[in-house]
There are 2 protein chains.
Amino acid sequence: MDAYEDWNGGRSRRIEVGDLRVPFREIPLTNGEVFRTYDTAGPVAVDGELPKLRAPWIADRPEGETQLSLARRGVVSPEMRFCAEREGVPVERVIEELSRGRAIIPSNRRHLELEPMIVGRAFKTKVNANIGNSRVRASIDEEVEKLRWAVRWGADTVMDLSTGPDIPQTREAILRNSPVPIGTVPIYECLEQVAGRVEKLDIERYLDVLEAQCEQGVDYFTVHAGVLIQYVPLTARRVTGIVSRGGSILAKWCLHHHKQNFLYEHFDRICAVLRKYDVSFSLGDGLRPGCTADANDEAQFGELRTLGELTKTAWEHDVQVMIEGPGHVPLHLIADNMAEQHKHCHGAPFYTLGPLPIDVSPGYDHLASAIGAAMIGMLGTALLCYVTPKEHLGLPDKDDVKQGLIAYRIAAHTADIAKGLPGARDWDDALSKARFEFRWEDQFNLAIDPGVARAYHDQTLPAEGAKTAHFCSMCGPRFCSMQITQEVRAMASDEVAAGMAEKAKEFAAGGGEIYSPAK
Amino acid sequence: MDAYEDWNGGRSRRIEVGDLRVPFREIPLTNGEVFRTYDTAGPVAVDGELPKLRAPWIADRPEGETQLSLARRGVVSPEMRFCAEREGVPVERVIEELSRGRAIIPSNRRHLELEPMIVGRAFKTKVNANIGNSRVRASIDEEVEKLRWAVRWGADTVMDLSTGPDIPQTREAILRNSPVPIGTVPIYECLEQVAGRVEKLDIERYLDVLEAQCEQGVDYFTVHAGVLIQYVPLTARRVTGIVSRGGSILAKWCLHHHKQNFLYEHFDRICAVLRKYDVSFSLGDGLRPGCTADANDEAQFGELRTLGELTKTAWEHDVQVMIEGPGHVPLHLIADNMAEQHKHCHGAPFYTLGPLPIDVSPGYDHLASAIGAAMIGMLGTALLCYVTPKEHLGLPDKDDVKQGLIAYRIAAHTADIAKGLPGARDWDDALSKARFEFRWEDQFNLAIDPGVARAYHDQTLPAEGAKTAHFCSMCGPRFCSMQITQEVRAMASDEVAAGMAEKAKEFAAGGGEIYSPAK
């Protein structure tokens with residue numbers, strides 16, 4: 001086993017467990033214990049590509065077999081065992097959730113480098129990072145580097161939203177280097193092929209693009225099949241109209257041709273392609289609100305109901321489905337979103353962008369939207385699409401990707417503790433104990449960002465001795481509450497404590513007024 | 001009136017309205033309109049001190065008169081009118097909330113530089129910033145500069161938590177420069193006087209320190225009178241014991257002397273001093289949980305019930321009260337905190353530190369705790385004590401103060417929209433309209449941090465022309481959804497829209513299945 005390494009500014013190592021080589025990150029503690037966390041970073045690449053972990057798993061699997069079709073027959077796939085081990089749950093739970101459509105394992109049979117993960121409300125809340133170039137900025141190496149950076153900072157899935165040149169080449173490089181599921185929005189590549197002339201789009205071109213992307217190994221597709229022509233006029237009086245790129249493309253196509261959305265009309269043919277490769281749907285919310293004023297309107301909820309209808313169709317084809325959600329939603333309206341989704345989409349996992357509960361924080365929308373993300377995660381959303389500090393302003397660079405991921409891992413972990421996921425608080429308890437016992441090194445290594453935790457501590461108290469000191473820079477030695485508490489604990493030994501607790505009960509029984517301030 | 005100035009990287013100016021000179025910040029928009037926001041920054045200092053706005057208001061006011069005593073008699077003070085104008089509500093609302101104890105105007109009659117503000121669930125959610133030196137780092141000028149910086153970035157109140165040398169001198173400089181209420185924790189100065197020997201503390205010294213701080217003009221005191229001796233043993237088995245400095249000091253005192261907390265025993269005498277100056281109580285939560293594992297335990301809620309009892313005593317003395325709250329609380333347990341506080345504290349405003357819903361994010365606790373703050377703010381908490389990125393690690397510097405304030409203003413604004421405060425969304429709507437109409441300059445100037453919004457935009461598209469461009473760097477010109485939406489809006493003219501909406505209704509009436517994918 002490898003030695004501990006310097007990782008994100010702390011000490012830890014990747015470990016692989018069992019015959020399936022399920023990855024975890026192991027953190028050594030100064031009290032002799034170790035602590036394990038979920039790890040998304042993947043193995044080390046060899047010759048510019050990751051090892052093909054899944055090749056032997058897929059070898060004998062017939063085309064058209066999906067995790068859903070297997071689960072429905074009660075067949076346990078290596079992917080299911082891998083996810084169960086990774087989540088620390090019995091594999092029966094994975095099968096049950098998959099078979100009911102309440103969870104998905106996005107895992108194209110062509111994406112052999114994938115370390116499978118499961119998306120569903122019964123499991124750890126996951127985080128998606130968007131990367132991708134545009135005409136304004138483009139470089140394949142830059143995007144691969146961004147992918148590696150994203151999984152290092154905890155991205156559970158990554159969407160390649162490239163819209164510029166070299167879309168297929170960029171995607172190929174990303175897939176061969178990705179240990180996490182990769183999603184795309186195929187309509188972008190279609191539009192690139194017709195040089196931006198929306199009216200030239202049609203289902204044949206779309207299916208060709210889907211097939212090509214499936215062959216490469218894309219794990220899930222955002223398909224805006226719910227942008228129906230009758231919903232488009234409902235957006236005309238909105239403050240910010242349609243803000244989804246895919247949504248606006250399809251709305252424009254519908255209005256131009258005075259025809260129904262071709263993705264909706266030919267949804268069965270799309271399902272057939274996805275089934276062949278076990279690619280999952282991420283049914284797109286093309287009419288999501290782009291500002292808090294437009295939240296929860298008829299356009300948004302109308303589309304959501306259509307996505308529920310399409311979910312059933314996809315399931316008939318054994319295709320796995322998740323549902324995309326908003327967007328911009330005030331905090332008190334977030335619960336309605338989760339409730340409507342749950343009601344109309346038959347339990348399929350919800351995958352939301354934020355939501356962002358205010359509109360006035362450009363530059364800090366990663367932070368503002370983490371508030372909405374934590375809330376909707378607590379209510380059951382399974383996958384949270386991150387927002388970076390550059391949202392509404394520009395394209396994220398590496399540091400933005402990191403800031404977005406930290407914000408969203410915080411939101412996801414907040415949700416996991418709040419929804420009572422077994423063991424979710426273990427990580428917090430380990431860090432809290434280290435904090436109380438002044439084990440500073442352990443506190444840094446257990447932190448979500450060890451390097452930043454250490455650097456912030458050292459800004460005020462740089463001396464090496466301060467890392468073992470029984471106080472910190474916040475209060476100085478005289479006022480340290482943790483130190484005083486330890487004295488209190490010593491004084492209030494268990495015996496004394498028991499006696500005093502008894503006394504406290506007597507006080508309470510007597511009305512708790514013995515020490516009345518009026519005396 | 002002054003011209004617009006460069007302010008936090010944007011264009012705006014301070015304006016003063018009416019005979020009371022109520023401040024607002026006015027932002028000019030490129031469409032000829034202006035937008036007004038609440039402003040905390042205060043007027044410009046002259047000779048190192050702020051003008052004494054309140055001197056004429058106080059001149060004839062008898063000692064011992066408080067905003068609460070006035071409101072109870074239906075007397076309208078200039079402070080009440082000022083707050084009503086500032087909040088955009090009728091003064092009757094201010095009087096009603098004050099007289100019922102549901103709101104406070106922290107305003108020591110000696111703090112003449114104060115621009116009054118109101119804390120209560122019926123009003124704008126406010127944000128407190130903590131500053132203060134310690135033995136490890138200390139400089140009076142640095143603290144005054146931190147105060148000016150804090151109010152510039154939106155601090156509604158500021159607590160001076162200095163624990164090092166020169167406590168009185170630091171406080172004097174802060175008060176003479178503060179347009180916002182200043183709070184302190186007087187037990188810190190007492191402990192400084194007895195050189196850290198907790199057992200030497202007594203009520204006489206405490207009252208002397210209170211009187212001196214009242215004379216200087218402190219507007220509210222954190223008083224840990226609820227740390228009763230019988231609650232202390234309840235903390236012995238906690239993961240992180242007692243984490244409040246004041247709480248641990250009083251716990252240690254109680255255990256050492258085997259006596260009840262002297263602040264509780266002599267609460268009436270404390271009330272008498274506060275009443276004389278109209279200083280408000282911030283009843284401290286000395287037993288707040290220091291990690292999520294310890295949240296909502298009997299120690300915490302026992303103290304909270306005692307704070308409710310003390311609230312009634314303070315009200316008998318016409319002293320204004322708010323109640324401090326946690327701390328570290330998982331997201332799903334936050335509602336219980338607000339409910340318990342509301343139930344036991346008779347409607348007195350709640351003032352919480354966070355809460356922080358996880359423990360693993362040192363370096364990012366401003367962000368993580370903003371999630372809890374937004375949630376508890378939505379539920380009615382009136383004042384949110386910020387957390388900076390340095391929480392648990394070190395002392396905040398200027399940038400940390402700014403980061404903490406931005407995070408908490410986002411949380412507070414999220415809460416205001418969610419609790420349906422009239423007009424709260426106006427700011428968002430103004431920015432969303434600017435966004436949709438590609439008025440980039442307006443978007444920057446309306447942003448919570450104009451300089452950062454502009455800088456992030458310019459990182460990708462630095463050209464001056466890009467600020468009037470009808471696209472942005474995120475999608476590039478071909479894929480801009482906002483631009484496409486505008487075309488959609490043009491195509492779907494109102495008449496067409498009306499016709500299509502009619503059609504949509506027909507579809508819906510027919511079962512909405514006309515475009516069934518199965519066809």
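Which residue in β4(A) does Pro28(A) stand opposite? In this predicted model, the residue facing Pro28(A) is Val34(A). The pair belongs to two antiparallel strands of chain A, β3 (residues 22-28) and β4 (residues 34-38), which are joined by five bridges. Between these strands the hairpin has five residues, and Gly32(A) takes a positive phi near 95 degrees there.

Arg21(A) is not a glycine, yet its phi is positive, at about 60 degrees. This residue lies between β2 (10-17) and β3 of chain A.

The peptide bond that joins Pro326(B) and Gly327(B) is cis, with omega about 15 degrees. Gly327(B) is part of the loop that runs between β12 (321-325) and α13 (334-344) of chain B. A cis peptide bond also leads from Gly354(B) to Pro355(B), where omega is near 5 degrees. Pro355(B) sits in the loop between β13 (350-353) and α14 (365-378) of chain B.

The next step is to see how the chains are arranged. Chain B is superposed on chain A by a rotation of 180 degrees with 0.0 Å of shift along the axis, and the RMSD is 0.0 Å. The two copies are therefore related as by a two-fold rotation axis. Both copies use the same surface, since 100% of the contact residues of chain B recur in chain A. Which residue of chain B comes closest to the rotation axis? That residue is Ile371(B), whose C-alpha is at 2.3 Å from the axis.

The contact itself draws 128 residues from chain B and 128 residues from chain A. Together the chains bury about 11,300 Å² between them, and 68% of this area is on carbon and sulfur atoms. On the side of chain B that touches chain A, helix α15 (residues 398-418) of chain B gives the most, with 10 residues. By class, that side of chain B has 68 nonpolar, 33 polar and 27 charged residues.

What of specific pairs across the interface? There are zero salt bridges between chain B and chain A by the rule applied. Polar contact is found for 10 residue pairs across this interface, with both residues of each pair at pLDDT 80 or more.

Technical notes:
Residues are numbered from 1 along each chain as its sequence is written. Chains are lettered from A and ligands numbered from 1 in the order in which they are written. This is a predicted model: local features need pLDDT of at least 70, side-chain atom pairs count only at pLDDT 80 or more; totals for chains, interfaces and linings use all residues. Side-chain values use heavy atoms; hydrogens and water are left out. Two strands pair if DSSP finds at least two bridges between them. Helices (H or I, at least four residues) and strands (E, at least two) are DSSP runs, numbered from the N terminus. Contact means heavy atoms within 4.5 Å. Buried area is the accessible area (1.4 Å probe) that two parts lose on being put together, summed over both. A salt bridge is a side-chain nitrogen of Lys or Arg within 4 Å of a carboxyl oxygen of Asp or Glu. A polar contact is a pair of N or O atoms within 3.5 Å; within protein, one must be able to donate a hydrogen and the other to accept it, and residues adjacent in sequence count only if both atoms are side-chain atoms. Ala, Val, Leu, Ile, Met, Phe, Trp, Tyr, Cys and Pro count as nonpolar, Asp, Glu, Lys and Arg as charged, and the others, Gly among them, as polar. Copies are superposed by least squares on the C-alpha atoms of residues with pLDDT of at least 70 in both.
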